[in-house]
Amino acid sequence: MPLEADHITASSRGGQMVLSNLCLACRTCNGHKWHAAKARDPVGKRLVYLFHPRRQKWSKHFQWSTDGTRIIGLTANGRATVAALQMNNDLIVNLRSLWVTLGLHPSE
């Protein structure tokens, strides 16, 4: 899956093209995020900020499913990010399954 530079704070919201505001994201997730900064937590229904990869620790907000194919949100921010970016869409789950089979999965 191709990766691309993502503006953590979208340029349309004043985010700058500086390293501290960039991260790598898969094209699909980045497309779903677009310029969003917040999303609704599917459990608590609150509007919360999306996960910030420069300020927050991945393992506090997410974990891999036992089979390594799905990302599970552990916090309101994590759950909202998984839902908003559609991080467990069928395409990526199928790709992760292949990566697990080939021993290439990032969770290993």
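Visitor: At its relative accessibility, how does E4 count?
Guide: The model is predicted. Buried would need under 20% relative accessible area, and exposed over 50%. E4 is at 24%, so E4 counts as partly exposed.

Visitor: How many residues apart in sequence are the parts that R27 and E4 tie together?
Guide: The side chains of these two residues, R27 and E4, form a salt bridge with an N to O distance of 3.2 Å. R27 belongs to helix α1 (residues 27-33) and E4 to strand β1, so the pair joins parts whose separation in sequence is 23 residues.

Visitor: What is the relative accessible area of R27, and how does R27 count?
Guide: Exposed means over 50% relative accessible area, and buried means under 20%. R27 has 49%, so R27 falls in between and is partly exposed.

Visitor: Which residue forms a salt bridge with D6?
Guide: In this pair the closest N and O atoms are 3.2 Å apart, and the partner of D6 is K33. The link runs between distant parts of the chain, 27 residues apart, with D6 in strand β1 and K33 in helix α1.

Visitor: How many salt bridges does the count come to?
Guide: One is R27 with E4, another is D6 with K33, and R79 with D41 is also in the list. The count comes to three.

Visitor: In β2, what is the bridge partner of L3?
Guide: Strand β1 (residues 3-7) pairs with β2 in the antiparallel sense, over five bridges. Strand β2 (residues 22-26) is mostly covered, with four of its five residues buried. Within β2, L3 has as its bridge partner C26.

Visitor: How far is the sulfur of C26 from the closest cysteine sulfur?
Guide: C26 is buried at 14% relative accessibility, and C29 is buried at 13%. A disulfide needs the two sulfur atoms within 2.5 Å. The closest cysteine sulfur to that of C26 is in C29, and the distance is too far for a bond because it is 3.4 Å.

Visitor: How many disulfides does a search of the whole structure find?
Guide: A disulfide is a covalent bond between the sulfur atoms of two cysteines. For C29, the closest cysteine sulfur is that of C26, too far for a bond at 3.4 Å. Over the whole structure the number found is zero.

Visitor: Within what arc do the buried residues of α4 fall?
Guide: The buried residues of helix α4 are I92, V93 and R96. They line one face of the helix, because seen down the axis of α4 they fall within an arc of 100°.

Visitor: Which residues are exposed on the other side of α4?
Guide: The buried residues of α4 have cover that includes β5 (62-64) and β6 (71-73). On the other side of α4, the exposed residues are D90, N94, T101 and L102.

Visitor: What is the phi of W34?
Guide: Most residues other than glycine have a negative phi. W34 lies in the loop between α1 and β3, and W34 is exposed, with a relative accessible area of 64%. Although W34 is not a glycine, its phi is positive, at about 50°.

Visitor: Leaving aside neighbours within four places in sequence, which residues is N88 in contact with?
Guide: N88 is in the loop between α3 and α4. N88 is buried, with a relative accessible area of 18%. Beyond its sequence neighbours within four places, the contacts of N88 are T69, R70, I71, V82, V93 and R96.

Methods: Residues are numbered from 1 along each chain as its sequence is written. This is a predicted model: local features need pLDDT of at least 70, side-chain atom pairs count only at pLDDT 80 or more; totals for chains, interfaces and linings use all residues. Side-chain values use heavy atoms; hydrogens and water are left out. Buried means under 20% relative accessible area, exposed over 50%, partly exposed in between (1.4 Å probe, protein chains only). Helices (H or I, at least four residues) and strands (E, at least two) are DSSP runs, numbered from the N terminus. Two strands pair if DSSP finds at least two bridges between them. A salt bridge is a side-chain nitrogen of Lys or Arg within 4 Å of a carboxyl oxygen of Asp or Glu. The arc is that of the directions from the helix axis to the C-beta atoms. Contact means heavy atoms within 4.5 Å.
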